[in-house]
Amino acid sequence: MVPAEAAAADEASHHMPVISVRDLVKTYVVGEVTVRALRGANMDVEAGEFIAVTGPSGSGKSTLMHILGCLDRPTSGQYFLDGRDVSRMSKDDLAAVRNRKIGFVFQGFNLLSRTTALDNVELPLLYNGGSRMKTAERHKRAMDALNAVGLGERHHHYPNQLSGGQQQRVAIARALINEPSIILADEPTGNLDTRTSIEVMGIFQRLNIERGITIVLITHEMDIAEYGTRLVRFRDGKIQVDQKIVNRRDAAAELAKLPPPEPEIDIPADPVPAEHLGGVS
Ligand code: ADP
Ligand code: MG
């Protein structure tokens, strides 16, 4: 490539949003009822942004996330992911794009209960051609992901032996396993107490700043939204507000000022039978 071309390509790659949606419409038809969940949403997201999506219940946030995550397709409109229109792709092609580029985190953690933290984190590798990957390599990648969320030493624990915050960290490690460029999180702190919520937001901020992972996080809590770089507010299936967040909150700095956490106690693998707990008999 001659220098001018190289410069032009470089310029183009810098200015191409990772996510671009145009006139996005999603209509659900349930029996006789038509629900217009998205009514023409437009948004560009640059690499490395941390978007906080807010809005009342039913305003279309989760519907948007399902489309951004290639879990569903819009009724009309376009979705460009890294410059490629994915809105008309086949389900198989969407699944391939999703596995390569996107990690998901949900409110309810969605871990398999009879499966250790390590195996939960490895699971996406088995669906992504990773079954060809050697067992030792899978373990190593899963341990790296668990270490990135500070849970390496709990890799052998089952979900019921972990606190809610720890379970969500396992879910974040699972989202990281395919080295996604985008993480989509739907109310990830919805089931967590205040301190644990700040810890989880600290992990998202670290992944965003240190690894440059683009984050789109849905929350109905304004104080959680303020950890992002940009606020997008939905109302009735449309974007009503789209603005930069001034005075972004810094989770690590806030945690340093909080009193130390109560020690994390290991819950025994075999809980004491209920009749020994002094309940009414
Ligand atoms: P939010 O996440 O902001 O609460 P949703 O995107 O979940 O909103 O929902 C937007 C609207 O679409 C709501 O009226 C909801 O009931 C409806 N909706 C969402 N998913 C479906 C579905 N699979 N089938 C039918 N209606 C749906
Ligand atoms: Mg929702």
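Which strands does α2 lie across, and at about what angle does α2 run to β8?

Analyst: First, the ground rules. This is a predicted model, in which local features need pLDDT of at least 70 and side-chain atom pairs count only at pLDDT 80 or more, while totals for chains, interfaces and linings use all residues. Residues are numbered from 1 along each chain as its sequence is written, and chains are lettered from A and ligands numbered from 1 in the order in which they are written.

Now α2. Helix α2 lies across β3, β7 (182-186), β8 and β9 (230-235). The direction of α2 makes about 150° with that of β8. Helices (H or I, at least four residues) and strands (E, at least two) are DSSP runs, numbered from the N terminus. Axes are lines fitted to C-alpha atoms, for helices over the stretch in contact, and angles run from 0 to 180 degrees between N-to-C directions. Contact between two residues means that their C-beta atoms, placed from the backbone, lie within 7 Å.

Helix α7 (residues 194-211) also packs on the sheet. It touches β3, β7 and β8 and runs at about 155° to β8. Together, β7, α7 and β8 form a β-α-β unit that is right-handed. That means that, with the strands pointing away from the viewer, the path from the first strand over the helix to the second runs clockwise.

Next, the sheet under these helices. The sheet is open and has six strands, ordered β6-β7-β8-β3-β9-β10, with mixed pairing. At its edges stand β6 and β10 (238-244), and each of them pairs on one side only. On average, neighbouring strands here are turned by 15° against each other, direction ignored. Two strands pair if DSSP finds at least two bridges between them.

Follow β8 (residues 214-218) to its partners. Strand β3 (residues 50-54) runs parallel to β8 and is joined to it by four bridges. There, Phe50 stands opposite Ile215. Strand β7 pairs with β8 over five bridges, again in the parallel sense. In that pair, Ile183 stands opposite Ile215.

How well is β8 covered? Five of its five residues are buried. A residue is buried if 20 or more other C-beta atoms lie within 10 Å of its own, exposed if 12 or fewer, and partly exposed in between, with C-beta atoms placed from the backbone. In a regular strand, side chains alternate between the two faces of the sheet. On one side of β8 are Thr214, Val216 and Ile218, and on the other Ile215 and Leu217, all buried. Across the chain of 281 residues, 35% count as buried.

The shell consists of Tyr28, Val30, Val35, Ala37, Gly55, Ser57, Gly58, Ser59, Gly60, Lys61, Ser62 and Thr63. Besides α2, β1 (19-30) and β2 (33-45) give two or more residues each. Four shell residues are nonpolar, seven polar and one charged. Here Ala, Val, Leu, Ile, Met, Phe, Trp, Tyr, Cys and Pro count as nonpolar, Asp, Glu, Lys and Arg as charged, and the others, Gly among them, as polar.

Five bridges join β1 to β4 (residues 76-81) in the antiparallel sense. One of the bridge partners is Ser76 in β4, which faces Val25. β4 and β5 (residues 84-85) are antiparallel too, over two bridges, and Phe80 has Asp85 as its bridge partner. These two strands form a hairpin with two residues between them. In its turn, Asp82 has a positive phi of about 50°.

Notes: A residue is near a molecule or strand if its C-beta atom, placed from the backbone, lies within 6 Å of it.
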